[in-house]
Amino acid sequence: MKRAYVVEDVRRAEQPLLDAGVPLMDQAAYALAGAVVRHIRESGLRIPGSTLLALVGAGNNGGDALFAAAYLARRGMSVVAACHGAVHEAGRASAVRAGVRILADPSPQELARAGAAAGVWLDGMLGIGSRGALREPLSTWARVLTGVRDHSAAEPYVIAVDVPSGVGVDDGTLPGAVIKADATVTMGAAKRALYLPPASHMAGQIIEVPLGFEQYLPAEPALASLTDSDVRDLWIVPGPHDHKYTRGVLGVLAGSHTYPGAGMLCVGAARSMGIGMIRYRGEASGIVERYPDVVRAEGAVQAWTIGSGLDDLREASRILQQAITHATPVVLDASAIALVHHDDVPSTVVITPHEGELAALLQARGESLSREDIHQAPARAARLAATLTGATVVLKGSVNVIAGPHGPLYAQGGAPAWLATAGAGDVLAGVLGAFLASYGDDIESWGEGRGIPGQLAAAACHVHALAAQLAARACDGRLGRPVTASAVVAALSEAIFIILNPQF
């Protein structure tokens with residue numbers, strides 16, 4: 001599991017080491033220098049003669065950058081440090097002794113020249129204690145250097161110190177100009193901005209450097225992102241005494257005469273998850289003909305997926321109320337999300353809105369957030385919706401943000417942008433419903449344990465993303481190819497095999 005923390009958690013955890021005189025800055029600087037060296041060597045270049053620009057502000061991140069610059073200069077790199085404000089004195093002195101050229105408050109023209117001449121940039125302008133957008137002159141630095149990078153024949157490689165300067169460290173927002181990093185070397189523990197959009201899109205590769213204070217961090221992170229191994233731990237593999245009813249029965253009310261494809265995709269995705277049975281209650285034609293194992297008869301279910309492609313919510317409303325009465329988990333997708341516009345529900349009801357649908361929900365609840373507001377701060381919007389409704393919220397996007405009324409946030413990315421296609425949400429609704437059905441009656445008894453709906457929703461998003469990667473062949477750094485939602489359904493079984501069988 002990838003874990004991330006808020007600034008207060010990190011500050012509290014590192015204090016015992018600082019009080020004991022542990023040289024955390026030396027360790028951080030060495031890790032930064034190591035990241036630069038690795039990049040240069042992987043690029044087929046030599047350290048002597050390579051060039052570096054360190055961007056240095058007044059905080060500890062600036063000190064890290066200065067000590068790293070000194071180390072690299074001693075290794076033979078040509079290093080320039082652009083400094084603003086009262087930078088770390090010992091770091092500056094070390095850099096000067098090592099032969100680093102200091103530019104104190106350079107003009108935009110001087111900065112542009114230094115940026116154009118350097119193959120690597122170190123962004124140490126601000127630390128994790130900063131709030132709001134970059135202030136002048138650092139905001140000008142970010143704009144100038146972004147322009148230099150965009151117009152460079154050979155783009156510099158940018159390494160951010162701890163977090164890219166100017167991001168909302170705790171909420172993942174982008175309040176102003178930010179230099180996009182190719183890699184972020186984060187000290188001791190990842191910060192939430194590295195996984196939360198839109199800031200996460202500026203972080204590049206995340207390199208965590210242990211500093212020894214990890215033992216003092218809270219047991220429950222402020223944010224988590226599940227990996228293959230986490231999903232493998234959550235997966236219920238059938239045993240010799242299982243049968244179709246113990247493996248999970250999912251009820252699906254999706255698809256209509258107007259939108260039959262939504263029902264087809266939702267059912268197809270749920271089938272691929274290996275649950276015991278699907279009871280279909282929608283009006284989409286051809287589903288049983290295509291999937292003869294799907295049952296039309298009414299009966300007991302362990303979870304419901306409702307809403308994909310529906311144009312009439314009367315039956316959906318009835319089923320939802322019945323499910324709440326019997327503590328049966330429910331996924332509400334698409335038009336069915338409107339069923340929680342005014343009524344509170346338990347966290348076993350999982351809603352899967354995109355930004356527009358979440359804006360409509362929040363406005364119905366008296367919160368005047370626009371779609372653009374949600375795009376700029378999705379974590380805040382998802383948590384707000386969960387708090388107002390009681391539901392578990394899966395806010396869909398390039399990174400899915402999952403929030404319950406309590407507990408950690410989850411951020412699940414990894415899907416190629418090719419997944420932004422019609423029907424992808426119907427597939428996710430089927431995957432998620434199947435996950436909930438496989439846990440069945442245990443979800444309520446797990447309480448705040450590993451089976452809570454938020455964690456299962458994050459697992460479903462991970463499986464969905466991996467299937468999209470496989471369908472698009474967008475693995476191992478490849479751009480991949482266009483996909484359809486049907487292709488993602490077809491790839492789900494292979495995605496599950498990869499997760500459950502890491503040895504192959």
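Trp 235 and Phe 435 are both buried (under 20% relative accessible area; exposed means over 50%, partly exposed in between, with a 1.4 Å probe and protein chains only). The model is a prediction: local features need pLDDT of at least 70, side-chain atom pairs count only at pLDDT 80 or more, and totals for chains, interfaces and linings use all residues. Residues are numbered from 1 along each chain as its sequence is written, and side-chain values use heavy atoms, without hydrogens and water.

The whole structure holds three aromatic pairs (rings of Phe, Tyr and Trp, the last by its six-membered ring, with centres within 6.5 Å; planes under 30 degrees apart are stacked, over 60 edge-to-face, the rest tilted). One of them joins Trp 235 and Phe 435 edge-to-face, at 5.2 Å centre to centre and 70° between the planes. Trp 235 sits in the loop between helix H7 (228-234) and strand S11 (249-253), and Phe 435 in helix H14, so the pair ties together parts 200 residues apart in sequence. Helices (H or I, at least four residues) and strands (E, at least two) are DSSP runs, numbered from the N terminus.

The largest nonpolar core has 104 residues (a core is a set of buried Ala, Val, Leu, Ile, Met, Phe, Trp, Tyr and Cys residues joined through side-chain atoms within 4.5 Å). Leu 122, Val 185, Ile 306, Leu 332, Ile 351 and Leu 358 touch the most other members. H2 gives the largest share of this core, eleven residues. Another core lies apart from it, with 63 residues, among them Ala 254, Leu 428, Ala 429 and Val 463.

Beyond its neighbours within four places in sequence, Leu 358 is in contact with residues including Pro 353, Ile 374 and Ala 381 (contact means heavy atoms within 4.5 Å). Leu 369 lies in the loop between H11 and H12. Leu 369 is buried, at 9% relative accessible area. Leaving out residues up to four places away in sequence, Leu 369 touches Ala 359, Leu 362, Gln 363, Ile 374, Arg 380 and Ala 381.

The largest pocket has a volume of about 1400 Å³. On a 1 Å grid over the protein atoms alone, a pocket is an open set of points with protein on both sides within 12 Å along at least five of seven lines, and lining residues have an atom within 4 Å of a point. Grid points are joined across faces, edges and corners, and a volume is the space filled by probe spheres set on the points. The lining of the largest pocket takes six residues from H16, its largest share.

The second largest pocket holds about 350 Å³ of space. It has 21 lining residues, and Arg 11, Glu 14, Leu 24, Asn 60 and Asp 64 lie nearest its centre. Helices H1 (7-19), H2 (24-42) and H3 (60-74) each supply at least two residues of this lining.

Two peptide bonds and two backbone angles complete the description. The bond from Glu 136 to Pro 137 is cis, with omega near 5°. Pro 137 lies in the loop between strand S5 (120-124) and helix H6 (138-150). Pro 197 and Pro 198 are also joined by a cis bond, with omega about 0°. Asp 105, a residue other than glycine, has a positive phi near 45°. Asp 105 is partly exposed, at 45% relative accessibility. Ala 327 likewise has a positive phi, near 55°, and is partly exposed at 37%.

Note on methods:
On a 1 Å grid over the protein atoms alone, a cavity is a set of points where a 1.4 Å probe fits but cannot get out, and a pocket is an open set with protein on both sides within 12 Å along at least five of seven lines; lining residues have an atom within 4 Å of a point.
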